[in-house]
Amino acid sequence: MANNKQNTKKQSKKPLIILLSFYAAFIAVSLIWNFQPGVKIGDNFLFFSVDMFKLFPPAFILVGLFMVWVDRKTVEKFFGETSGFMGYIAAIILACTTLYPFVVVLPMGAALSKKGARLSIVLTYLGATAICRIPMTIFEASYLGFKFSIIRYLVSLPLIVISSVFIEKIVGKNYMQENNLLESEAS
Amino acid sequence: MIYLYALATLGILISIIANRQKTRKALKTAWNLFIKMLPMLLITLSVVSIVLYFLPDYAIAKYLGTNGLLVGVIIASVIGAVSLLPGFITFPLCGLLLQQGVSFTVLGAFTTSLMMVGVVTYPIEKKYFGIKLTVIRNIAALVIAVIVSFAIGLIYQEVL
């Protein structure tokens, strides 16, 4: 089951590949000898992978489209230094419409950064995607009640904005540039 | 999820109509992003699959329910921080926990920390945002989770 793992990999990924091979071998051996913990772990892996990989094609395509089509000026206008308070609101609105998992939110946040978004606004976006995705909230509210979701929104969103501003102060506005985190494969 | 596919399809269609060259570039970018992330992602999923073997959901329920509120909040934030559960598992699980007598306060800590704090996604986040920012962001998120749970506790009159 967990076999289609090490396909097209390259360069300095060796340690990762070795670890993955060990893992795959362990699962394979478990399957052959019917070693229950191994089988269970393999099941878990499959369960989460299927779930995630189903979301990946459209999610990554959307990020790709964003990177190519949305130009720097637009991002700067809505999310840049001069956007002021509205930048945070825009980040929260963008976050609300997020449909994909956190691991895709990360490159999306990085893409915003590359296109000139202010660091604290990128951080707000990252935090808010965890809090206020609309599809997820509907799901949450149906199990825990709307009151629960609303309190969570009202308390966490201001905290996210405040903490984002503070974090930007701590690491510095130019943190991304200083740490060479903006080198891009698509400008 | 259907919406996500619909949205992506619509996006590609519009993009193709507008400019084929750019569309090709977008798809290539998407593919590169995916390939770059794949090894880390597989490692992450492997770790999650192992952790979840040792800590299945009924065990989580037991830990969260039987202790005092403060201990519950602490355990819930920590479990939330180290797990990576998709929403469609998390919320039914929360519903279940609620029925078993786990308080809203504890569930608030659990869901918030689960969604905002990512220990298992740390290696991926680090690649995009560097060690310092990743660590600070996650600590801040953990603090927020505790504050949110406290606020929920206040309003549901579970604390004080």
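1. Basis of the note. The structure is a predicted model, in which local features need pLDDT of at least 70 and side-chain atom pairs count only at pLDDT 80 or more, while totals for chains, interfaces and linings use all residues. Residues are numbered from 1 along each chain as its sequence is written, and chains are lettered from A and ligands numbered from 1 in the order in which they are written.

2. Make-up of chain A. Chain A has 9 helices and 0 strands, where helices (H or I, at least four residues) and strands (E, at least two) are DSSP runs numbered from the N terminus. Of its 187 residues, 43% count as buried, a residue being buried if 20 or more other C-beta atoms lie within 10 Å of its own, exposed if 12 or fewer, and partly exposed in between, with C-beta atoms placed from the backbone.

3. Domains. The domain assignment, whose bounds come from an automatic or database source, gives domain 1 (1-55) and domain 2 (70-178) in chain A, and the C-alpha centres of these two domains are 33 Å apart. For chain B the assignment gives domain 1 (1-43) and domain 2 (55-155), with 31 Å between their C-alpha centres.

4. A helix pair in chain A. The axes of helix 2 (residues 36-69) and helix 5 (residues 102-114) of chain A come within 10 Å and cross at roughly 0°, the axes being lines fitted to C-alpha atoms, for helices over the stretch in contact, with angles running from 0 to 180 degrees between N-to-C directions. The two helices of chain A are therefore roughly parallel to each other, a description that applies to angles under 35 degrees. Residues of helix 2 including Val63(A) and Phe66(A) meet residues of helix 5 including Pro107(A) and Met108(A).

5. The core. The largest nonpolar core holds 97 residues, among which Val63(A) and Ala128(A) touch the most other members; such a core is a set of buried Ala, Val, Leu, Ile, Met, Phe, Trp, Tyr and Cys residues joined through C-beta atoms within 7 Å. Leaving aside neighbours within four places in sequence, the contacts of Ala128(A) (C-beta atoms, placed from the backbone, within 7 Å) include Ala91(A), Leu157(A) and Ile160(A).

6. The contact between the chains. Chain B and chain A each give 64 residues to the contact. On the side of chain B that touches chain A, helix 2 of chain B supplies the largest share, 22 residues.

Key
Contact = placed C-beta atoms within 7 Å. Parallel < 35°, antiparallel > 145°, perpendicular 65-115°, else oblique.
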